Amino acid sequence: MTEYGYFLSCEEFTPAELIDQARRAQQAGFTRLAISDHFHPWNDAQGNSAFVWSMIGALSQAVGLPVTTLVTCPTVRLHPAVTAQAAATSSVLLGGRFTLGVGTGEALNEHIHGDRWPSFEERADMLEEAVEVMRKLFSGDQVSHRGRHYTVDNARLYTAPDGPLPVLVSGFGPKAARLAGRIGDGFVTMTPDADLVGAFREGGGEGKKVVGGVKVCWSSNRDKAVDVVHRLWPTELLPGELAQVLPTPAHFEQASLLVTRDMVADTVTCGDDVEKHVETIRAYTRAGFDEVYVGQIGPDQEVFFDAYRELVLPALHR
């Protein structure tokens with residue numbers, strides 16, 4: 001049975017707002033939380049970018065829900081050994097209810113040290129080695145590693161996970177889906193694409209978890225909701241690999257001029273039509289997803305949680 005979680009956007013909301021949303025999500029009947037990991041927002045209108053590991057520590061003390069990163073890049077901005085320590089501590093704080101979602105990253109977040117931004121093939125190779133390093137460290141044993149991309153010298157996590165720490169691998173195409181099937185404990189992708197799920201299963205993901213997410217804008221005024229999405233999240237509709245290669249929020253703002261208001265209205269679920277919200281989420285269930293995380297765009301968080309508690313989540317469970 002598919003589980004429904006709430007997606008916390010570090011790019012759009014302050015740390016205090018994220019904690020409040022997590023509490024409201026638990027009260028509304030969402031059973032899990034996911035949280036983004038960004039150094040920059042996608043554009044200046046979003047206006048935030050909290051450090052995810054601090055947020056997870058705070059969430060562990062505020063709510064009792066499992067938490068998943070959607071997703072962390074453990075290859076450039078942070079060394080995989082440092083990411084492993086952060087993930088292990090998060091797992092301990094959450095009593096084992098933490099899942100590490102990882103991906104090959106975006107230049108937007110990973111270019112900040114001035115490193116060259118590699119091709120997808122090289123980034124995928126880096127991610128595979130990073131996952132190997134982190135799994136070794138999660139054991140709590142002393143680890144030395146000499147690889148193509150990373151060196152670890154006599155490192156040991158003294159605060160190690162008490163039991164398995166699942167690693168989910170993100171992907172948006174068949175190559176990444178097959179990589180997730182081979183090296184991950186599950187697959188993360190943001191569209192309800194049954195073919196991608198099939199590629200993941202064929203690549204070694206049979207019996208493993210599939211996780212997705214979708215952003216909506218619940219509002220009694222659909223036109224206003226479309227305007228909110230067009231202002232804050234036009235980046236969701238950018239084509240191709242732009243999201244992976246553009247380096248700054250200003251570049252995303254320039255590219256977002258390609259995204260029209262009509263494109264948002266046709267693509268993003270806006271307004272207060274319960275059946276449209278239900279069908280948007282059910283598309284993931286039909287495609288074989290085990291967990292779906294819903295994020296509310298904009299300031300109307302209270303009405304969103306009320307509507308999902310009273311109308312949408314009960315309909316999905318029926």
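Helices (H or I, at least four residues) and strands (E, at least two) are DSSP runs, numbered from the N terminus, and two strands pair if DSSP finds at least two bridges between them. These legends describe a predicted model, in which local features need pLDDT of at least 70 and side-chain atom pairs count only at pLDDT 80 or more, while totals for chains, interfaces and linings use all residues. Residues are numbered from 1 along each chain as its sequence is written, and side-chain values use heavy atoms, leaving out hydrogens and water.

**Close-up 1. A hairpin joins strands S5 and S6.** Let's start with a simple turn of the chain. To find your place in the view, look for His 145, whose bridge partner in S6 is Val 152.

**Close-up 2. Strand S1 pairs with both S11 and S2.** S1 covers residues 3–8, and five of its six residues are buried, where buried means under 20% relative accessible area, exposed over 50%, and partly exposed in between (1.4 Å probe, protein chains only). With S11 (residues 291–296), S1 pairs in the parallel sense over four bridges; here Glu 3 stands opposite Glu 291. S1 and S2 also run parallel, joined by four bridges, and Phe 7 stands opposite Ala 34 of S2. A handy reminder for this view: in a regular strand the side chains alternate between the two faces of the sheet.

**Close-up 3. The largest nonpolar core has 72 residues.** A nonpolar core is a set of buried Ala, Val, Leu, Ile, Met, Phe, Trp, Tyr and Cys residues joined through side-chain atoms within 4.5 Å. The residues with the most contacts inside this one are Phe 30, Leu 33, Ile 35, Leu 100, Phe 138, Phe 304 and Tyr 308. Helix H13 (residues 301–317) gives the most to this core, with eight residues. Another core, of 21 residues, lies apart from it and includes Leu 108, Val 229, Val 268 and Cys 270.

**Close-up 4. Phe 30 and Phe 304 form a stacked pair.** Rings of Phe, Tyr and Trp (its six-membered ring) pair if their centres lie within 6.5 Å; planes under 30 degrees apart count as stacked, over 60 as edge-to-face and the rest as tilted. A search of the whole structure finds 13 aromatic pairs. In this one, the ring centres are 6.2 Å apart and the planes are at 10°, so the pair is stacked. Phe 30 lies in the loop between H1 and strand S2 (32–35) and Phe 304 in helix H13, so the pair ties together parts that are 274 residues apart in sequence. Phe 30 is buried at 2% relative accessibility, and Phe 304 is buried at 0%. Ring pairs also link Tyr 6, Phe 30, Trp 218, Phe 304, Phe 305 and Tyr 308 into a cluster.

Close-up 5. Trp 42 sits in the loop between S2 and helix H2 (52–62), and Phe 252 in helix H10 (residues 249–255), so you are looking at a link between parts of the chain 210 residues apart. Both residues are buried.

**Close-up 6. Gln 21 is a buried residue of helix H1.** Helix H1 runs over residues 15–28, and Gln 21 has a relative accessible area of 3%. Leaving aside neighbours within four places in sequence, Gln 21 is in contact (heavy atoms within 4.5 Å) with Tyr 6, Leu 8, Phe 13, Gln 301 and Phe 305.

**Close-up 7. The structure holds zero disulfides.** A disulfide is a pair of cysteine sulfur atoms within 2.5 Å. Cys 73 is in no disulfide, and the nearest cysteine sulfur, that of Cys 10, is 16 Å away. Cys 73 is buried, at 6% relative accessible area. The sulfur of Cys 270 is 5.3 Å from the closest cysteine sulfur, in Cys 217, which is too far for a bond. Cys 270 also counts as buried, at 4% relative accessibility.
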